[in-house]
Amino acid sequence: MNKYIIKFFKTGNMKYISHLDIMNVFQRAFRRAEIKLAYSQGFSPHPKLSIAHPLSLGIESIGEYMEVELVDHHNPQDLQLALNRQLPKGIGLLSVKEMTKKIKSIAAEIQFGEYELSFPKGELDYSQLEKAIHDFLELEEILVIKKQKKKRRKIEKEVNIKPLIHKFELQEETEEGYKINTLLKTGSNGNLNPQVLMNSFINEMELDIDKNLLHILRKELYTDSEKGIVTIDEI
Amino acid sequence: MSIEQELDKILLKVEKPARYIGGEINSITKKQSDIKARFVFAFPDTYEIGMSHLGMQIIYHSMNREKNIACERAFAPANDMEQLMRENNIPLYSLETKTPLKDADVIGFTLQYELSYSNILNMLNLSQIPLLSKDRDESFPFITAGGPCAYNPEPLADMVDFFLLGEGETLNTEIMKKYIEWKESGTNKIEFLKQIASMPGIYVPSFYDVTYNDDDTIKSIDKLYENAPDTILKNIEDNLDEAFYPNKFIVPFIDIVHNRAMVEIFRGCTRGCRFCQAGMIYRPVRERSMEKIQNIYDEIIKNTGHEEVSLVSLSTSDYSNIEPVVAEMMDKCRKDNISLSLPSLRLDSFSFNVLEDIQSYKKSGLTFAPEAGTQRLRNVINKSITDEDIYSAAENAFKLGWGNIKFYFMIGLPTETYEDLDGIVTIAQRILHIFRSLEEKKSKRINITISTSNFVPKPHTPFQWFPMNNMKELEEKQQYLAEKLKRVKNVTYNYHDVYTSFLEGVFARGDRRLSKTLIKAFENGCKFDGWREYFDFDKWMKSFEESEIDPYFYNIRKRHYDEILPWAHLDVGVSKEYLIKENTKACEETLTLDCRNQCTNCGINKTFKCEKYK
């Protein structure tokens, strides 16, 4: 079957490269590494390579996952080395695991995403921020406007994102600023984008945080299993 | 704050931020301590257009072979980015090391089309570099420019320190080596210009003075520095197998206009179409050997991972061994799962076999370029294609399943009459008739696109003396065709805007007095003139007025053979006698044969080795 789950990072300037373009970056890296991707059959064949949960432009990640199917069998360590030699600065493989269990797709298994949100201190002091987080989570409902496209019509819908927030806590204070750690519902059964969350947090609590200086890092993607919450490549 | 930090604050606010970050596979970032001279290759259009340009990849990698020389890139930022850069006081920078252009040693612009000149000025201004050469003191980099429009660079004579005529594979590096020597010698900028003025292909405009007659034509072009050459001969690579060719193309992160690896199979063209500047300035024909072509292909795919490769030249079918080369390429591509693109194929039976093979699933469309609607006018322009060629190719295409066919014509050609325009309509009608009367066709639908561009006379061609049609004439011709073609079913008619053609015509054959107009145009906010959404004709007319230049003088005027043309001192190797002879033959409506069959004495073999000259 030759299927692999690849965990990779996408940091630095690579945060400006969109999901579709990243797919091309990988396809070309495979070709340069002379590793043949399997192609789908049919009228317009496409390589069997998919990224578990596309990242929004501007977000960095050290917990990206991708599944690929190859023509030949490769040793996971060799695969990792060969591809890392061909990837641009800012993208690299963290681990490669051969897929043993038959699952539909890793994308369908994703339940949670963990993010680190950092921003400069500005005028905000620690206790103020702590209180804001507390008050924010005390709100009965956290409503945001969600823009949707249905049947080519644009509609705006108000949704309550509170049930999608599983963790939202002040993690540390450094010289540069604050770091918030958060665990959000992610995937096809409910999804919260950390940018939407931060916008709502800043607006609801009337905080003086410059959105241009907000830095978001995805740390991990998780799924539910018999063992509890595990990283997506452990299913 | 460093430029990188500044960029981090604004890049998420602009469209396609990947245009501005660099770091692509095969891009080269050198250690600061290794660099003795930094050249910035500046493309006066967006990233997507500049990155599709083969010349940039060649120059970039050829210069970067030298350890001490860094060649980096800069493109014209789109409007949204330019606004943010200006607001945040970020100067134009090179993608590789984020060095402000004003701190580079030499900035080289490529002159691919006249309508990009305003972008050059805008990019200089964004770099916080004075526009005029005379205003740039010793602290500023040298500004140079090359590419096809450098064969008449006079409109930019006041802004550019020196021009490069011809091919840069070796010349650019040589110049930078001289630059390093000069920098170490500690002399003035003028000394450097004097040193390089005698190198082949180098034109220092400030070493020449142009004087004018009362009727505004040129009286004389005189040297101001006695060691400068009387005429500047272009520089070329004699042998393409020995010339440098990059096999590590920079691979962009985002989709660009031509997102593929390119293998150049030959340079030059033997057809001798009289309107075509490329056919004259890139002489003589030089082919790359089959072996070399295949090597390049292998290396390029290995190094880039591109999913598409194209064979490039002015006229692919004219390569002397085209059939085995294409067969070999198709074989390799099939094995590697790569798509092959073959632009500018002549539609003969061989090409159809090839196209049938590489487009078997998706028939993307076929393009014919008869250029003129009647045999008479095709004789005038020396385009040796007959009505019969067009019709049999179309019939073939329909039989094989193509339903989309495009035709390119020019309007406003010398001697053109409305009968010639009717010829275009006849071709469309006839093609439709062929389709309808055909029984064994695979495609049920037919779509004929007729596109016309406006003929612009270009320097160094047999048509350089002809007047261009005025805008009213061109518009009337377009209206006429639109009206007639409206009545032909399944035909779409596209035509090129006359205002940009007018401007292109002025700058193509303009002299150095137009530098003033360019400055005014920049001040009036002209940029991206090749882009419909930015082009503002009124601003240009205002700029002509403010600089007291009559644009019609350059366009709507027949020049005499003995007039001193603004590019008279620039030599592409094709003789004036040949151009005059071809101009006369055009007026007599006689064809000149393809010079691969018999030498037509264009004069190129007097200065360069011509493979076709026997």
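Select strand 7 (residues 208–212) and strand 8 (residues 218–223) of chain B: they form a hairpin with five residues between them. Strands here are DSSP runs of E, at least two residues long, and helices are runs of H or I, at least four residues long, both numbered from the N terminus. In the turn, B:Asp216 has a positive phi of about 80 degrees. The two strands run antiparallel and are joined by five bridges; strands count as paired if DSSP finds at least two bridges between them. Click on B:Tyr212 to find its bridge partner, B:Ile218, in strand 8.

This is a predicted model, in which local features need pLDDT of at least 70 and side-chain atom pairs count only at pLDDT 80 or more, while totals for chains, interfaces and linings use all residues. Residues are numbered from 1 along each chain as its sequence is written, chains are lettered from A and ligands numbered from 1 in the order in which they are written, and side-chain values use heavy atoms, with hydrogens and water left out.

Colour strand 16 (residues 404–411) and strand 17 (residues 447–454), which pair over eight bridges; B:Lys406 has B:Thr449 as its bridge partner.

Now go to A:Phe30. It touches, among others, A:Ile6, A:Leu37, A:Met66 and A:Leu83, not counting residues up to four places away in sequence (contact means heavy atoms within 4.5 Å). A:Phe30 is one of the residues with the most contacts inside the largest nonpolar core, of 218 residues. Such a core is a set of buried Ala, Val, Leu, Ile, Met, Phe, Trp, Tyr and Cys residues joined through side-chain atoms within 4.5 Å, buried meaning under 20% relative accessible area (1.4 Å probe, protein chains only).

Finish between the chains, where 21 residues of chain A are in contact with 28 of chain B. Three salt bridges are counted there (a side-chain nitrogen of Lys or Arg within 4 Å of a carboxyl oxygen of Asp or Glu). Select A:Lys15 and B:Asp8, whose side chains meet in a salt bridge at 3.0 Å, N to O.

Note on methods
Buried < 20%, exposed > 50% of the residue type's maximum accessible area, 1.4 Å probe, protein only.
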